[in-house]
Every structure is written in C-alpha cells, then in structure tokens.
Amino acid sequence: MKRVFSTLLMSFMFLAVQAQIHTPVKWKIKLEDSGKPEKEIVFTAVADKGWHLYDMNLPAGGPVSTSITYETMKGAELVGKVVSSVAPTSVYDELFAMNLRWYSGTVTFTQKIKVTDAKAFKLAGELEFMACNDETCLPPERVEFSFNRKNITMTDAGVVAGESDDQAAADSLSLAQGTDSLSVSADGENAGQLVNPTKIAEALSDNVDLWTPVIDELKAFGESPLDGTDSSLLFIFLAGFAGGFIALLTPCVWPMIPMTVSFFLKRTKNKKKAIKDAVMYGVSIIVIYLALGLLITGIFGASALNDLSTNAVFNLLFFALLVLFAVSFFGAFEMVLPSSWTNKLDAKADSTSGILSIFFMAFTLALVSFSCTGPIIGTLLVQAASMGSIVAPAVGMFGFAFALAIPFSVFAIFPNMLQSMPKSGGWLNSVKVVLGFLELALALKFFSVADLAYGWRILDRETFLVLWIVIFAMLGFYLLGKIRFSHDSELKYVSVPRLFMAIVSLAFAVYMVPGLWGAPLKSISAFAPPLYTQDFNLYEDEVHAQFDDYEAGMAYAKKNNKPVMIDFSGYGCVNCRKMEASVWTNPGVKQIIENDYVLITLFVDDKTKLPEVIEIEEHGKTRKLKTVGDKWSYLQRSKFGANAQPFYVLLDNNGKPLSHSYAYDEDVNKYIQFLQGGLKNYKK
C-alpha cells in the first residue's frame, strides 16, 4: 500500500503543475525482415534528458514495468525472450523500498519471431510503459502496433508466390472472425493509419448514411437549451459539498480537530498571520483532494471513466469495500491506516516551516480521515464518472474539499474555539452506525450496475427494494434504541433529533413498499434498477423502447413512415432513470412517444461482445470497439458529437436530425415541445 500511495503522490504532483500533455518518451516500432522465417520486432524508445522508463518484470508493488502484450498472433510464434540493447541502471529507491531498473536515453527491445504461415501472418498488440524523472512520474501509457503479411517477404520455406499488392491490400480490409480484429483504413495499410469514415460506416452498417455525422445539422437547429451538462456539474459540486460536510461528522475526521488546534496554537503570533496560515491550510486541503480528481481523470479520461463506472470487477470491488466499511462501522473491527504514515507526516509538519509545514498538516488530515472519507469520495467519483465529462471528477472533489476546508480553516484562525466543540463519545458511535446502514444501501447500487450491464439478473428491482426496505427499517429501529451494537452506549431516552430521523427512515421504508408491486417510486428511480427488471408489475405507465438496435429500429421506422427518437442511455446512468420515471411516465409524453415515434434505446455501457472487434481512428488514436456499448458510444460521439447520457435526438428515416438534441431536464412541458417540434419538421 505504501508503494501504491507513493506512485499516486508523484502523479498528484505532476498533474497539479502540468498545463499540457507531455510525452518525454517516444517510441518507434518496426518489423525487421530478413527474408527468412526468423524475423525481429524492434521496439526503440528515446527518452528526453532527465527522464527514464522502467525495465521489464520489476517486482510486484513497484512502478509499472515495461511490457509487451500480443493480442493477435496468426501464422507466427515467438522465439526466445525480449532482449534489450543496453544494460539497465539499477539503484535502490527509498520511495518504493526496492531495487529498481530503468533505462535513460535510447534503448531498443528486440523480440525474435518465426513466421510459420506467411499467407495467414498477422500480429498485433500493445506496449505499456511508465515514464519518470527525479521528481515525478507520468501515468502509464500504451502504444499499439500491428503487422500483416504485406510487411514481410519470404525467400525460404513458406514463400507465397504470385501474390499481388492488391490482394494483400484486400486482405488487410477483410473482416476478421473470432477474436481477431477488423482494421479499416483509408489505403489498406496496417491499422493505425488515418481511417476513412465511409469505410468505418460500411463495416458497422449496410446503410452508410445512418452513420454519417450530422453535428453541423444539429447546430443549425441551435444549441439545445436543455443541455444538462452545467446543471449536472452543479449537482456534482453540491453532492461533493454535502459529502464534505457529512465527512466532518465522521469519527475519523473528529480527532484532527485537536491536532489542528495544537498545531496552529504553536504558530499563531498575531491575527494577521493566523488568517494567512488558515487560508493556506484550507487551500492545501482543496489542492490535495482536487489533485485526486485530476489524477483519476488524467489516468483514465472521461470515456474510460464512463466505461469503468459499469465495469463488473470495479463495481463488485466497490460493493465489497462498502460492505467492509459498513461492518467496521457496526463495531466488528476498526479500519485505520498505518499509524507510521500519519506519524511521519505529523513529524514533517512540526520539523518544517512555512507553507510546506502547513501542506504536510493538510496531508495528515487526508490520511487520518481516509477510512471514513474513502467511501464518500469513491461514491462521488463513480457518480462523476457516469456523466462522461472530463471535468466532473475534479468538480466533485473541489466541492468535497471546499466543505471540508471551511471549518478547519476556522479552527486554524481561532484555535480556542475547540473549547466550545462537543466532546467525542457515544454520539460519534451512533454516527458511525448510521453511516454503516447508508453504506450498505449504497453498496447495493454498485452491485446493481454490474448486474444490469452484464445481464446477470441477480438483483432485480423487487429484490433491491426488499433489501432497502429492511435496511432503512432497521436504521429507524436503531435510532429509536431498539437495536444496539457492542460499542454503543445505553440509550436512556430518545432525543428529539433522533426521533425525527427515525420517523424519516421508517417512513421511507414504508414509502418503498408499493414499489414491490410496480409503483414507480420516482424519488429513488436514480438508484433502483429499472422497472423492466421487475417480475411482478401491476403498473403499466412506463415506456418501453421498441428496439435496442440502431439499424433495426431505423429500418422499421422507414417501413412504417415514422420518425425516430434515439435514446442514448446507460445502465449506470442515474439521470437516465430519473427521466424515465419522472418525464416518460407523464401521459402526454407517453402518448407521443408510443404513438408517433419509433423509440430506440442504445445502452453505451452494454458489455455484450461484438462478433468481431472493430478498430477506428479517433482524435489521432486507434481505438477498438469490442462491445455493443462501445459501438453505440462511438455512434453518439461520431454522428452527434456528444458523449454524456441521457441524450435524446429525433431523426428522419435517412438519419438526419429533426430538431436540436435534448439532455437531462425534468421539465415535462419542455420535453413535450421538443417532441412536437420534431413531429412538425418530419411532416414538412
């Protein structure tokens, strides 16, 4: 854990000071053809002065090793291991507490291969590496490469005689089967060349026009006044701000109050300096948490975060972590970071002076409070990731840090305020238990996202609701003193705040009961699985999509002479569920969608594998579409120039827009105007 933290810390520092993308290590990958069956793939790296990349096969727990992965290998086999052109520099690194090996300047890695079938030869993969200097490390990067039989000649056994360049070029455009890739390029060269959009469209659909970009046509209707990006970012900021204040009530943050007061009592000489130090302390807290948001975004990017937010392993891991935290809060055991970490930082804060000591004090706060703030921060980042916005994680972390920084800055200005603060005791144990119940409820949301994305159908809507009803009912009984844990003090009487909180919790549990028979429960539609997962449903006002395939829905609409509404959605999209429960169930909206439009819902996080992997060139990078969700996400980006959900667009039978797009906005009247405007233009 210490080594992981060290890596993250270095990345924090880099992202906090860099204003542009830096590429200190550049790669050149080529296939050297000897004309014989044995050939060499040569990977040459050139590092800028002061930078280095790590050797292969470093010990676990260290920085990311340089590695080569072969995703496709046909008609060839590896011979021996990778050989470097120079010996690596070997030093003991105190930060990682291990011997590290790295290369600076220029280094070449050579892998021998043997071609066994020249006609079928195809090789593709990616190289992963991590670049560092004496002060910081960049996030790991990947470089893709691919070669086919056009890149080789054979003069010995296995020669392919009489083959023309045209035939080889045709092979490079063929559709591969199984786990092989479909590479579509403008001139038939290897994957990674500039991709022709028409070729991509032909590979994705029989009707090229359906994939033709219409971004300019959408703009001609005017920018959508209903774009929910700003409001969603505001929601993320407010959610982070609320999370910061909730964190202040946790027992992990509370011990930092006397530590803060003690630290600033030593430093306070006059009021002016006290205010200056306090402001710097608050800014340091914000910078540390903001760096975390920037790091997450910098490593993964917006689109990868969106994919990560519905990844089964990620969601199940977070589900398990939240359950673990809940069990800890119920009193089964204590979860704390190693005391040596906080002791070292605290000692650093005392031994240094000026701004640096204040920064170390802020870092001590972040470490000490991690076991309680971790679930709040994690939930916040996952919610931000589902928006598809590159700035959302940073906005959420800024809100969280801002709320956390305010009271600690005040304590730093007026250390004597500690005397008026309530002492920790039984009430903090109650806070922990309440948070434990809430974390159990939130954990089910993460399990539900993975369950929906992969179609397991383990946690259908009624199962989810039963668990939530039981959790919030038990929370109500706990607040009334009917349930006690081992670390709880005896509750002699119920205070007025506890009574009202118990009433709210029990009322909420009762409110969810009709949902077991299909009631929409609009207030929790963002968390509960959608209505279509419910087996027993007496409620008939929900709207169901006629198609979940773009081409099939467009063909049906053309045959029946109807306009189309495309609904770009996501299994992990909170605002999508809100729109479906709050807007689509309105009788006026429901009538127009079902009678006048062909509704096509496309889930951008659908994990169903495509029959074949498709390679596309986007923003100068080669990307692979491996799942159905990848395909619909690419459609949304390339055709409509958007990547956030929900996203609604109205089309005619040729794939042309009928109106501006519509994002998240629960105003029913505006949505009806949007639908009616599309119908009016379709009739023209």
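Predicted model: local features only at pLDDT ≥ 70, side-chain atom pairs only at ≥ 80, totals over all residues.
## Overall composition

The chain contains 20 helices and 17 strands. Of its 684 residues, 51% count as buried. The accessible surface of the chain amounts to about 31,800 Å², and carbon and sulfur atoms supply 59% of that area. Among contacts between residues at least 6 apart in sequence, 73% join residues at least 24 apart.

## Strand E9 and its partners

Strand E9 spans residues 122–129 and is mostly covered, with seven of its eight residues buried. Two pairings involving strand E9 can be described. With strand E4 (residues 67–74), E9 pairs in the antiparallel sense over seven bridges. Within this part of the model, Lys74 stands opposite Lys122 in E9. With strand E11 (residues 141–148), E9 also pairs in the antiparallel sense, over eight bridges. Here the bridge partner of Leu127 is Val143 in E11. As a general point, the side chains of a regular strand alternate between the two faces of the sheet.

## Salt bridges

The structure holds eight salt bridges. In general, side chains of opposite charge can pair when their charged atoms come close.

| Side chains | Distance, N to O |
|---|---|
| Asp55 and Arg101 | 2.9 Å |
| Glu32 and Lys30 | 3.6 Å |
| Lys670 and Asp665 | 3.9 Å |

The side chains of Asp55 and Arg101 meet at 2.9 Å, N to O. This pair links distant parts of the chain: Asp55 lies in the loop between strand E3 (52–54) and E4, whereas Arg101 belongs to strand E7 (residues 98–104), and the two are 46 residues apart. Asp55 has a relative accessible area of 10%, so the residue is classed as buried. Arg101 counts as partly exposed because its relative accessibility is 24%, a value that is not under the 20% limit for burial.

For the salt bridge of Glu32 with Lys30, the accessibilities are as follows. Glu32 is partly exposed, with a relative accessible area of 35%. Lys30 is likewise classed as partly exposed, at 37% relative accessibility.

In the salt bridge between Lys670 and Asp665, Lys670 is partly exposed, with a relative accessible area of 36%. Asp665 has a relative accessibility of 18% and therefore counts as buried, since the class requires a value under 20%.

Gln534 is found in the loop between helix H15 (496–512) and helix H16 (550–560). Its relative accessible area is 6%, so Gln534 is buried. When residues up to four places away in sequence are not counted, Gln534 touches Arg461, Glu462, Gly515, Leu516, Trp517 and Gly518.

## A nonpolar surface patch

Helix H15 also contains Val496. This residue has a relative accessible area of 55% and is therefore exposed, the class being defined by values over 50%. Val496 belongs to a nonpolar patch on the surface, formed together with Leu491, Val494, Leu499, Phe500 and Ile503. The accessible area of the patch residues together is about 510 Å².

## The loop residue Val86

Val86 is placed in the loop between strand E5 (76–84) and strand E6 (89–93). At 38% relative accessibility, Val86 counts as partly exposed. Val86 and Val107 are 21 residues apart in sequence, and their C-alpha atoms are 6.5 Å apart in space. Leaving aside neighbours within four places in sequence, Val86 is in contact with Tyr103, Thr106 and Val107.

Technical notes
Residues numbered from 1 in each chain as written. Heavy atoms only, no water. Helix = DSSP H or I, 4+ residues; strand = E, 2+ residues; numbered from the N terminus. Buried < 20%, exposed > 50% of the residue type's maximum accessible area, 1.4 Å probe, protein only. Contact = heavy atoms within 4.5 Å. Patch = residues over 30% accessible without salt bridge, like charges linked within 9 Å, V, L, I, M, F, W, Y side chains within 5 Å. Areas by Shrake-Rupley, 256 points an atom, 1.4 Å probe, with all protein chains shown as cover. Salt bridge = Lys/Arg side-chain N within 4 Å of Asp/Glu carboxyl O. Pairing = 2+ DSSP bridges.
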